[in-house]
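Q: I would like to learn how to read a few features of a model. Could you walk me through them?

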Amino acid sequence: MNQISVFDSPKPAFSAEEAQRLLARDYAVEGRLRELVSERDQNFLVESASGTFVLKIANAVEDEAFLALQNAALKHVALADPELGVQRVAVTTAGEDIARWEHGASRHAVRLLTYLPGELYSAAGSSPALLESLGAFMGRLSHAMRGFGHPAAFRPGFLWNLDEAMAVKPWLADIVPERRDLVARIFARYEARVRPRLHLLRGAVLHQDANDNNIVVDPASSTVTGLIDFGDMTHGRQVNELAVTLAYALLDVADVYKSAAPLIGAYARQFPLEPEEAAILFDLVAARLAMSVCISSHRAKDFPDNDYLLVSQAPAFRLLERLDRTNPDFLAAFTRHAAGHPPVPASTAVVEWLSSPGCQPHAMFGIDLNRAGRILLHLQEGAPGMEHGADPQAYWAWLESRFRQEDAHFAIGLYGEVRSVYKGEQFATAASPEWRSQHLGQDIFIAAGTPLFAPLPGKVLSVVDNALPYDYGPTVILEHRAGENGPAFWTLYGHLSRETLAMVREGQAVAAGQQIGSIGGHTVNGGWAPHLHFQIITDRLGQTGEFPGVGQPSLWPVWRAISPDPNLILRLAPESFVEDKTPPEVLLGRRAQVLGPSLSISYRKKLKIVRGKGTYLYDHTGRAFLDGVNNICHVGHCHPHVVEALARQAAILNTNTRYLHDTILDYAERLGSYFPKPLSVVYLVCSGSEANELALRMARTVTGRRATITLDWGYHGNTNGLIDVSPYKFNRKGGRGKPDHVEIAELADPYRGRFKGYGANRGIAYAASVAEKVELIRAKTGEGPGAFIAEAISGCGGQVFFPDAYLRTAAEHVRKAGGLVIIDEVQTGFGRVGNHMWAHGPQGIIPDIVTLGKPIGNGHPMAAVVTTPEIARAFANGMEFFSSFGGNPVSAAVGMAVLDVLEQEDLQHKARITGEHLKARFQALAEEHSLIGHVRGEGLFLGVELVKDHTTLEPATEEAGRIANFMRDHGVLISTDGPFDNVLKIKPPMAFGLQEADIMADTLNAALKHM
Ligand SMILES: Cc1ncc(COP(=O)(O)O)c(C=O)c1O
């Protein structure tokens, strides 16, 4: 800077006539000349017959090597990207790039460049389209210049090289005093953020001066068509090119983000930015502006009359102020996003880890939010409750009354919601007129004082009271790691109680499940109704103690990466976050009309179930209900292995059993292998009813007899033929009683029946009833029954387990009279009873025909009949048996998958262990609650019979109904059944474990206490 600068030397002062004469001499160009504005050289516009040119007469002290550099660069670009709008170099008649003219004692280098038609950017006015076009132009230029080098590009001491930003720092003193601190802060930002990274950045030869008087625009198409004045060229960090362009383009724009994003994006599409460059782009923009005001202030001191130098200072200060008030790490994230990179490099890894099976967050409250009733809140103008929005006490009172009405324990405030409640100045932003209003956390409105537990292990980063109105009040931030070698991330808990401040301290290690605070009331929590603001943070933006809880909606993609969905940790069902347009009350009326009124519906408060997973069902509000009753979704709701098998086969083929198919045969063989010989032939059908129909048809065809013995309270299906053998139907409401061909044997009920207890003598005694019916049929028809049909355990009869030897003895009576024995395992099969795969196993019987349904397909409509080869042969009398859907390849694949899971997850064994525990818990409850008359069952097929009197066994029907409803209201689903509807029926999916068993027993205990 101590050499003679062009600013210390006067501009060339050729007259137009003189220039015209020399131009004709050296370039053989004759035309009209008009002088153009220039800071340091003398330029003329030349309009001639051979074209329009710009004649550039350099300052006398200009280094000619530097002009050679510019010419070389223009020629390079013309070769690399011939379409890109840069000037072409005209040669003298002697073939030179540069002419030399003398003016008095000074010698001037002269160049003639083609003229780029259009308007200057300064006259066109900025628009998003133009900004994008500028970005694309500059990106193309950077791309074209990649391979360019020149010795003169290295300009030690060149003031405008952004790599040397700190060189002008001494001129801070020349800045107006009230702005000095601002510029000093910008330099400090550069020192802290750019300097340490400089050595990592790419270099190139740069134009470095895309200001609005150097950019040529076609106003009609809003595109940048050219760039002139390569006079500030230098070698420097590649990213400086974009930084300088932005420093000019962003002056006095209304919205820095909306202006910068298209420019950066378009630049990066032509010439990708590296993430390290993106990280400091705005620091360089600010540094360039700081340099500019330092230099112009310094020059203004030396040349007090040079107004040109001061022209850009005011807008530069305005932009500097905005950038100074904007978080540089946020600008880095914004830039990465605008340049097509992930806004936060670590964010994806954090999200992946939080979603991985290895991450199992602890519950954050004493209650299980997933299972608790909830209310969805909107904190937007006009939303319910917002009439109390300004008064936290009134809002909470309104919320509590809704909690009572709707059996809810908490309310949800939405992540990502754009809200109208953020009114303090702290929600305004410097770089744009847009306020921060989009919620980056999730709110859990819950009573003040509720303890809060850490969901993940970590350490306390900060615990502070952010006491501004509408701020967080007491706030805890925990630091975590996304797996052993993963990146750090943070969780923020806002609006806590004052007690929280003494509960944890900075640096303290925290275990998952450890209490880290409690919910604050409105007097301490920033003035809000009691709630937790819970937020995940992947980039702290250099902050501690405090962090933005809302962001600008237009910058959501950036904010979302910085603060991903807190539900990654809270893990509420997706339905928790959307208002259901058709809740139960809307569906109920429609259902009765459309589906017909014969269909009953469970519970006093109707359930709309929309999702299932494992042992849980989810209603339309996302509330999870523990499923204690669905024995159809046997291996767990929507088991992924079964779903995958179904989807895979459905995408390949679904036909019927009249074609050959491997899976169908593999499945039939595999299913048959679970039965003792000679049971081995499998008929595949679609429902339990279809299976029982086929079983009866088989028995009647094979024996040539129609008469059938069934058990009292039995239920076998919904067809006419099956209602005829189902006393549960024909002897109850709407039934027409027993048909002539059916006889009802006494239900072998060891609790309520004639013979109490499970001993074999009781079984034999009950079986006498079957023998009686055999004789009755013989007396009526002259021959024995065609079939005896019985459930292995009487489900509709009230989970009645038969005494030992009952089925075996009954079967002997039937077989002696030539009848076949059909055992209905539709409810009970597939390992449910724990010790045995089939519930008839412990009865010591091999049936002639077994029917299977419900659990066989985990909810997919399929069923089966299994019999002996002998019966199968006898049944094949010429009439075909065909079921259109039965045994199709999809069903076969599903059936296989169910067996896979059953085996792989050892579910039969699990049913035994869980069943034993659950039964023991029920038995313990029976000691406490006299309402329990009998606890019975095996594995996960249990019954709890309720009675008012242990001697008379007067059924507690009404109480059973109330208990089932109480349990439903408390998130556990069971049903009632039996002749008096006083038996609590428990037959959950087999994924039910000890934890679920305890939830069920605890809830039953609460229900019994409530009676
Ligand atoms: C023991 C028994 N058999 C047969 C059926 C009829 O099965 P589906 O409803 O699949 O036709 C049922 C249904 O509840 C049942 O419980």
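Q: How far is an oxygen atom of the ligand from an N or O atom in the side chain of Ser689?

A: A polar contact is a pair of N or O atoms within 3.5 Å. Here the Ser689 side chain places such an atom 2.5 Å from a ligand oxygen atom. Before going on: this is a predicted model, where local features need pLDDT of at least 70, side-chain atom pairs count only at pLDDT 80 or more, and totals for chains, interfaces and linings use all residues. Residues are numbered from 1 along each chain as its sequence is written, and side-chain values use heavy atoms, with hydrogens and water left out.

Q: At what distance from an oxygen atom of the ligand is a polar side-chain atom of Gln827?

A: That distance is 2.8 Å. For Gly688, a backbone N or O atom lies 2.8 Å from an oxygen atom of the ligand.

Q: Now the helices: at what angle do the axes of α6 and α7 cross?

A: Two packed helices are described by the angle between their axes and the distance between the axes. Helix α6 (residues 239-249) and helix α7 (residues 256-270) cross at roughly 155 degrees, their axes coming within 11 Å. Angles over 145 degrees count as roughly antiparallel, so α6 and α7 are roughly antiparallel to each other. Contact means heavy atoms within 4.5 Å; among the residues making it are Leu242 of α6 and Leu263 of α7.

Q: And how do α7 and α10 cross?

A: The axes of α7 and helix α10 (residues 328-338) come within 8 Å and cross at roughly 45 degrees, which means α7 is oblique to α10.

Note on methods
Axes are lines fitted to C-alpha atoms, for helices over the stretch in contact, and angles run from 0 to 180 degrees between N-to-C directions. Helices (H or I, at least four residues) and strands (E, at least two) are DSSP runs, numbered from the N terminus. Angles under 35 degrees count as roughly parallel, over 145 as roughly antiparallel, 65 to 115 as roughly perpendicular and the rest as oblique. A polar contact is a pair of N or O atoms within 3.5 Å; within protein, one must be able to donate a hydrogen and the other to accept it, and residues adjacent in sequence count only if both atoms are side-chain atoms.
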